[in-house]
Amino acid sequence: MTATDRSLDLINTAAQAAADKLAHDVIAYDVSDVLSITDAFLLASAPNDRQVRAIVDEIEERLLKERGVKPVRREGDRESRWILLDYVDIVVHVQHSEERVFYALERLWKDCPELELPEEARATRGKGEEHAKLNADEAGDEPGQGR
């Protein structure tokens, strides 16, 4: 089984919305062969809580406006470190960069086919690492090292 056309449309719309709000490392997986509850996962991250919320808000707004769908569930709003949007056909995970590294969802789903995303979303790959390196350089630290 593969992700439906509807799921692919939702993923592409959400990925574009995330990229437009400067999300880092946007990637999507077709999980339909291993999960019966959804077709696809979209993963994105941001370096701070405020940007995580902005990305999530843009995804919700764009999916409602362009595809006429609302999430059936939204979790993680309180701390905005990891917000999950469940649209049944797709599940969107927007994580703070630190949570993204710690939980490494890509590792869990690496055996699932990666979905083709719009160019702007593909261009976000590696942005999280670039941002971490820039911040470490400004602080005089090595990436991933504390003071």
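**Figure 1. Helices and strands of the predicted model.** The protein has 6 helices and 5 strands, where helices (H or I, at least four residues) and strands (E, at least two) are DSSP runs numbered from the N terminus. Starting at the N terminus, the elements follow the order α-β-β-α-β-β-β-α-α-α-α. This is a predicted model, in which local features need pLDDT of at least 70 and side-chain atom pairs count only at pLDDT 80 or more, while totals for chains, interfaces and linings use all residues. Residues are numbered from 1 along each chain as its sequence is written, and side-chain values use heavy atoms, with hydrogens and water left out.

Figure 2. Of its 147 residues, 47% count as buried; buried means under 20% relative accessible area, exposed over 50%, and partly exposed in between (1.4 Å probe, protein chains only). Contact means heavy atoms within 4.5 Å. Among contacts between residues at least 6 apart in sequence, 65% join residues at least 24 apart.

**Figure 3. The largest nonpolar core.** A nonpolar core is a set of buried Ala, Val, Leu, Ile, Met, Phe, Trp, Tyr and Cys residues joined through side-chain atoms within 4.5 Å. Here 29 residues make up the largest one, and those touching the most other members are Ile11, Val26, Leu42, Ile59, Val92 and Leu117. Two or more residues each come from helices H1 (5–20) and H2 (49–67) and from strands E1 (24–30), E2 (40–46), E4 (82–86) and E5 (90–96). H1 gives the largest share, with 7 residues.

**Figure 4. Valine 92 and a second core.** Setting aside neighbours within four places in sequence, valine 92 is in contact with Ala14, Leu42, Ile59, Ile83, Leu84 and Leu85. A separate, second core holds 10 residues, including Leu43, Leu84, Trp109 and Cys112.

**Figure 5. Histidine 96, a residue of strand E5**. Take a look at how histidine 96 is covered: its relative accessible area is 7%, so it counts as buried. Not counting residues up to four places away in sequence, histidine 96 touches Ala46, Pro47, Asn48, Asp49, Val52 and Arg81.

**Figure 6. Leucine 64, a residue of helix H2**. Leucine 64 is partly exposed because its relative accessible area is 42%. Beyond its neighbours within four places in sequence, leucine 64 is in contact with Val69 and Lys70.
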